Amino acid sequence: MLTVSEFAKAEPHKVTESTVIGWIKNNYVGGAIQKDGEWLIPNDARKPYTKNRIQKKSKRDAVINSILTGLNENYSVFPGLYSAAVNDCQSVFDGLLEMGYIKTITLSCDVQYYDITVKGIEFLNKRGIDKTQLLKELLVAIGKIADAVKAGFTFAEKLMPA
């Protein structure tokens with residue numbers, strides 16, 4: 001476990017201690033615990049992809065690109081960061097998981113993070129019409145997940161033909 005000072009000074013973080021404390025208070029650092037009045041952070045915790053990296057008036061496609069870009073750059077990215085940009089951010093993450101663009105990984109202290117997959121990296125590297133088509137397909141999948149959740153079905157049940 002790292003102290004706030006150690007985490008702040010570590011590569012690739014290099015931020016102030018007050019910034020790290022702010023991240024912790026906003027639940028941006030997975031696995032951070034307070035012990036004897038001092039915050040301790042898992043050794044392999046990632047620097048969060050914070051709100052200042054996200055466009056304030058993002059649309060879903062911009063949010064999807066932002067999520068994948070943040071993960072590709074090895075940041076901690078999670079639904080709470082996008083709540084102002086997208087009403088149901090968890091459905092975006094669920095869609096990305098279902099489509100195979102991201103996966104969950106468990107770091108130390110049993111903290112779960114998201115990570116980008118090879119398919120997600122390929123998506124980021126696509127250009128032009130192919131990328132637009134992939135975004136449309138992903139948005140359709142996300143919509144189906146949201147509809148299924150509202151109707152009380154699992155994603156798989158919603159997509160299976162009758």
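Strand E1 and strand E3 (residues 38–41) pair in the antiparallel sense over 2 bridges. Pairing here requires at least two bridges found by DSSP between the two strands. Strands are DSSP runs of E with at least two residues, helices are runs of H or I with at least four, and both are numbered from the N terminus. Thr3 has Leu40 in E3 as its bridge partner.

This is a predicted model, in which local features need pLDDT of at least 70 and side-chain atom pairs count only at pLDDT 80 or more, while totals for chains, interfaces and linings use all residues. Residues are numbered from 1 along each chain as its sequence is written, and side-chain values use heavy atoms, without hydrogens and water.

The open sheet has 3 strands, ordered E1-E3-E2, with antiparallel pairing. Strand E1 (2–3) and strand E2 (33–35) are the edges; each has a single partner strand, so one side of each lacks a neighbour in the sheet.

A second pairing joins E4 and E5, antiparallel over 5 bridges. Lys103 stands opposite Asp115 in E5. The hairpin has 5 residues between its strands, and Cys109 takes a positive phi near 60° there. E5 is mostly covered, with 4 of its 5 residues buried. Buried means under 20% relative accessible area, exposed over 50%, and partly exposed in between (1.4 Å probe, protein chains only).

Asp36 lies between E2 and E3, and Asn74 between H3 and H4.

| Residue | Phi | Relative accessibility |
|---|---|---|
| Asp36 | about 55° | 78%, exposed |
| Asn74 | about 65° | 46%, partly exposed |

The largest nonpolar core has 36 residues; Val20, Ile41, Ile67, Leu68 and Leu96 touch the most other members. Such a core is a set of buried Ala, Val, Leu, Ile, Met, Phe, Trp, Tyr and Cys residues joined through side-chain atoms within 4.5 Å. At least two residues come from each of helix H1 (4–9), helix H2 (17–25), helix H3 (60–72), helix H4 (89–98), strand E4 (102–106), strand E5 (112–116) and helix H5 (118–125). H3 gives the largest share, 5 residues. In soluble globular proteins, nonpolar side chains tend to be buried together.

Leaving out residues up to four places away in sequence, Ile41 touches Met1, Leu2, Thr3, Val4, Phe7, Val20, Ile24, Val29 and Ala32. Contact means heavy atoms within 4.5 Å.
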